[in-house]
Structures are given as C-alpha cells and as structure tokens.
Amino acid sequence: SDVLLRPKAADHNPPGAIVSDMVVVPTYEARYAYFPGGEPVDRQDSCDTSISPAFKAGGRKACWFWAKTPMAKQHVAVIFDAAVEVRKVLLHFGHQAHKKDVLYRGALELARASGAGAGLLACGGFAKLVDITHGDSVVQWAGEPQAARCLRISVVQGQREWLILQRIYVN
C-alpha cells in the first residue's frame, strides 16, 4: 500500500548521480527528482516558473524533472556511488497542474555493478522490478533486499505526453 512506502526520515536516498537521455524542458533537470541523503526541507529551486501554471500561487519553489515526448528505450537512471541494498522504491510522476504528464508504459529496473567502466557502463545488465502502466502517478516496489549499483526508469513505449518525475525515493 501507499502508506507502507510513504517517505520517512529513514528514506535517505543513497549517494549517487542521476542521469537521463531524454529531451528536457529547459531548467527542469533530472537533479530535481533525486536528492542523495533525502529531500532538503527548505527548497528554493531555480527552474523557469513561467513555463508552468503550478507556480502561479507562489509558495515553496520545488521543481521537478520534466521531459518532452519521451521515446522508447529512453531512461532516467540513478548511479549509486557504491553498491547498495535496495529494499523499496517510490516514484512520483505528474503534477496537479500537469496530470497527463506521467509515464504510460515503462519499467522500474535495478542493476548490480559490473565493474566495467564509469557512468551507466558501471551498471551492467538491468533486471525489471515492476512494470509501469496505466499512467499511474505513484509507482512503488518493496521486496527482498536487492544489491544494486544502479536504478533505472525506462520508457517501454514512446508517448506524445511529456513526462514529469517529481521524486525518486530509495531505501
């Protein structure tokens, strides 16, 4: 259930870098979706707020990762600084002001370290944890701990709608 995986202080997001090969809405970069050590309490991000009606009311300025028309085989990936044990993953897609900007056909995947190279080359082969379907705004996985060096959200089928990934939580 969603209650089981709601982020808590213990959901710390292991140290790592987030990368993507998608075309990004300018200033809505992947770094806004994953915060090593957990999300900062008082965020004042620097994305172009004129692009989205979500910022019209003012208040807390928390940006997100926003990609234009993702194509099949594109991805967003977190490359952990070292191998970690992953027990659960929680993904938040879309936004109240952009309800259609979710992933309609994708996959959440993990990879163990291959030891061959840097960046995504360090990931080795990926194994699917869960299918992402139906344009869900929340996708979660919890199970037996999995040793992983990388986590990837892959697009299985291209889509016309843009894609917002608000947060990735890993514990």
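How many of the residues in strand 7 are buried? In this predicted model, strand 7 (residues 163-170) is mostly covered, with eight of its eight residues buried. Its pairing runs two ways. Strand 2 lies antiparallel to strand 7 and is joined to it by three bridges, and strand 3 (residues 75-93), also antiparallel to strand 7, is joined to it by five. Leu 165 turns up in both pairings: Leu 165 is the bridge partner of Phe 65, and Phe 93 stands opposite Leu 165 as well.

The structure holds five aromatic pairs. One of them, Tyr 28 with Trp 64, is tilted, at 5.5 Å centre to centre and 40° between the planes. Both of these residues sit in the loop between strand 1 and strand 2, yet they are 36 residues apart, and the pair links distant parts of the chain. Tyr 28 and Trp 64 are both buried. The Phe 55 and Trp 64 pair counts as stacked because the planes are at 10°, with ring centres 5.4 Å apart. Phe 55 is buried at a relative accessible area of 14%, and Trp 64 is buried at 1%. Tyr 28, Phe 55 and Trp 64 belong to one aromatic cluster together with Trp 66 and Trp 162.

Pro 53 is also in the loop between strand 1 (16-20) and strand 2 (65-67). What does Pro 53 touch, not counting residues up to four places away in sequence? The answer is Ala 97 and His 98. The C-alpha atoms of Pro 53 and His 98 are 8.8 Å apart, although 45 residues separate the two along the chain. Pro 53 itself is partly exposed, at 47% relative accessible area.

Then there are the charges. The count comes to seven salt bridges. Glu 109 and Arg 152 meet in one of them, at 2.6 Å from N to O. Glu 109 is in strand 4 and Arg 152 in strand 6, so this pair ties together parts that are 43 residues apart in sequence. Glu 109 counts as buried at 12%, while Arg 152 is partly exposed at 21%.

Asp 45 and Arg 43 form another salt bridge, their closest N and O atoms being 2.2 Å apart. Both ends are buried, Asp 45 at 10% and Arg 43 at 2%. Lys 128 and Asp 131 also pair up, at 2.9 Å from N to O. Here Lys 128 is exposed at 51% and Asp 131 is partly exposed at 45%. Finally, salt bridges with shared partners join Glu 39, Arg 43, Asp 45 and Arg 167 into one network.

Note on methods. Residues numbered from 1 in each chain as written. Predicted model: local features only at pLDDT ≥ 70, side-chain atom pairs only at ≥ 80, totals over all residues. Heavy atoms only, no water. Helix = DSSP H or I, 4+ residues; strand = E, 2+ residues; numbered from the N terminus. Buried < 20%, exposed > 50% of the residue type's maximum accessible area, 1.4 Å probe, protein only. Contact = heavy atoms within 4.5 Å. Pairing = 2+ DSSP bridges. Phe/Tyr/Trp six-rings, centres within 6.5 Å; stacked < 30°, edge-to-face > 60°. Salt bridge = Lys/Arg side-chain N within 4 Å of Asp/Glu carboxyl O.
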